[in-house]
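Please keep the sequence and the 3D view at hand.

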Amino acid sequence: MITPAVSRQTTAFVLAGGEGQRLHPLTRIRAKPAVTFGGVYRLLDFTLSNAVNSGLRRIHVLVQYGSLSLARHVRRGWAHLLTDDLGEFVDLVTPQRTAADRFYAGTADSIFQNVSLLQDERPDHVVLLSGDHVYRMDYGDMMTSHRERGAALTIACIALPRELCTGLGVLEVMEDGRVVGFQEKPADPIPLPDDPSRSLVSMGVYVWETETLVRRVADDARRRTTHDFGRDIIPGMIGSDPVYAFPFRDPHTGGPAYWRDVGTLDNYWQTNMDLVEPVPQFNLYDPDWPFYTYRPQVPPTKTVFAMGRRAARITDSLVADGCIISGGRVHRSVLSFDVRVESYARVDESVLMRGVHVGSGARLRRVVVDREVRIPAGMEIGFDLERDRQLFTVTPGGVVVVPEGSALGEEPAPGAIPAG
Amino acid sequence: MAKIVVAEDHEHLRKLYEVELQAEGYEVVLARDGREAIELAQAHRPDCVVLDIAMPGVDGIEALLKILSADNEIPVILNTAYASYKDNFSTWAAAAYVIKSGDLTELKDTIRTVLAERSQQAGAAEA
């Protein structure tokens, strides 16, 4: 954890401006960091909680697509946690169109367009964070390492199997931690010297010397590039600036820590499933590292019917408040607020967002259901993927995603062509 | 012949830049403030823009950002009497920062350097 004095001299930017196309349809009307995760959280909550728990209290969240949902969540869940009078804030920053008459053209451009914020605050350090990763990290340890090494840029990294690294930034690192190579989304990731099956990837967590950051994004602003940190800025610094890697380790075991880039629907589903394991790799229950969020004022979850085949059963699951499990069975699933599961219904390995209603006798298996969808009585989803594909998104991993606004089981209006 | 837009609010300095830079072989387009510089940069697509900073209305820093926003490959040189603007992060997006002087040697050298870099970059992009 960083000291209050360092905290005052550090500004955090959370990059939350991507479209999140690979999480479509969950991102159809909301930014990726606003997607519900783990029943009660939004993805952004993990990064913001890490920041606040680490002692970072000056936070700009850069957004552009689908920002309403995120703005509402931050206002309800986060604004009151930080105190303006103490110089603390979490601000949502949409493109101001003052420095440039356009939306953010890339991650580096999003910082360049907001360089006036750094001009006003004049921090010594800037911490750049992604708003859509699930992990628990004390950024203070990384900042200490950054200062001790005299780094211009420190990149948090983690070793992953090579086949998982092709969509990420891959680092080549010397024994002293200095970064000597950087590949963005490589077809052939550089392996670790002592383990050819794994590579070191950037977690999208950076500590910058403020002047280095500004110099780099300002230079980039007058070049024909994609204005992206991974593609354009960091590769150009290797060999000329002191760039160091910070290996992210579990503070308790010293081994590799839990970190997930919830970049695809399959990752999203799997990362939710990680939470329902009897001993999950990712611990939501540590009182020393709470994950904050906004929780609506809803009544406690209730189960009804104790006896016989209509008995409600919830096993190996996370269930948010406000749900009524009325004679149905829920197994290895994550339920958000206000979900209803009616008699004889079965929900297995599924993720149900707020307000989902599972009708009597319906069966769901490996399904993600977005907000407020009513699954009609008796409907089965996740058992015949060919049939499901005609109505829903089916991922390469075989998970079915039912989007918000789906009208299932409704009779076509009089005169309508039934197939449409 | 390279074309340069020069923004300067003092009339006698505008005249000086026009005469001296034309003598260097450049085509010179004069602007009286930042707003004119933005318009002329869009209309003329110059090879380089020279901006005074302290000008009435749209100043040189705002004009720098607007010009780069429309076409980030036009090099912009800030040409000001004040060194303190170097502390303004927005000025770091300029290709160069020159302290204004009656002797235009440094400005002319900087323009030459910036234009050489521009043609080098254009060559690299074509190759």
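The radius of gyration is taken over C-alpha atoms, and the globule rule is 2.2 Å times the number of residues to the power 0.38. The model is predicted: local features need pLDDT of at least 70, side-chain atom pairs count only at pLDDT 80 or more, and totals for chains, interfaces and linings use all residues. Residues are numbered from 1 along each chain as its sequence is written, while chains are lettered from A and ligands numbered from 1 in the order in which they are written.

**The two chains**

Helices (H or I, at least four residues) and strands (E, at least two) are DSSP runs, numbered from the N terminus. A residue is buried if 20 or more other C-beta atoms lie within 10 Å of its own, exposed if 12 or fewer, and partly exposed in between; these C-beta atoms are placed from the backbone. Two residues are in contact if their C-beta atoms, placed from the backbone, lie within 7 Å.

| Chain | Helices and strands | C-alpha extent along principal axes | Buried residues |
|---|---|---|---|
| Chain A | ten helices, 29 strands | roughly 70 × 50 × 45 Å | 46% of 420 residues |
| Chain B | four helices, five strands | about 40 × 30 × 25 Å | 40% of 127 residues |

Along its sequence, chain B runs β-α-β-α-β-α-β-β-α. Its radius of gyration is 13 Å, close to the 14 Å that the globule rule gives for 127 residues, so chain B is as compact as a globular protein of that length.

Now the contacts within each chain. In chain A, residues 24 or more positions apart account for 58% of the contacts with a separation of 6 or more. In chain B, 58% of the contacts between residues at least 6 apart join residues at least 24 apart.

**Where the chains meet**

Twelve residues of chain B contact 14 residues of chain A. On the chain B side, H3(B) gives the largest share, three residues.

**A helix pair in chain B**

H3(B) also packs within its own chain. How do the axes of H2(B) and H3(B) cross? Helix H2 (residues 34-44) of chain B and helix H3 (residues 60-70) of chain B have axes that come within 9 Å and cross at roughly 20 degrees. Axes are lines fitted to C-alpha atoms, for helices over the stretch in contact, and angles run from 0 to 180 degrees between N-to-C directions. The crossing makes H2(B) roughly parallel to H3(B) (under 35 degrees; over 145 is roughly antiparallel, 65 to 115 roughly perpendicular, the rest oblique). From H2(B), the residues in contact include Ala37(B), Ile38(B) and Ala41(B). From H3(B), they include Ala63(B), Lys66(B) and Ile67(B).

Asp266(A) lies in helix H9 (residues 265-276) of chain A. Why is Asp266(A) partly exposed? Because it has 15 C-beta neighbours inside 10 Å. Gly397(A) is 131 residues away from Asp266(A) in sequence, yet 6.0 Å away C-alpha to C-alpha. Beyond four places in sequence, Asp266(A) touches Thr395(A), Pro396(A), Gly397(A) and Val399(A).

Ala257(A) sits in the loop between strand S12 (243-247) and strand S13 (259-261) of chain A. With 20 C-beta neighbours inside 10 Å, Ala257(A) counts as buried. Its contacts beyond four places in sequence are Tyr135(A), Ile158(A), Phe248(A), Arg249(A) and Asp250(A). Phe282(A) is 25 residues along the chain from Ala257(A), and their C-alpha atoms are separated by 8.9 Å.
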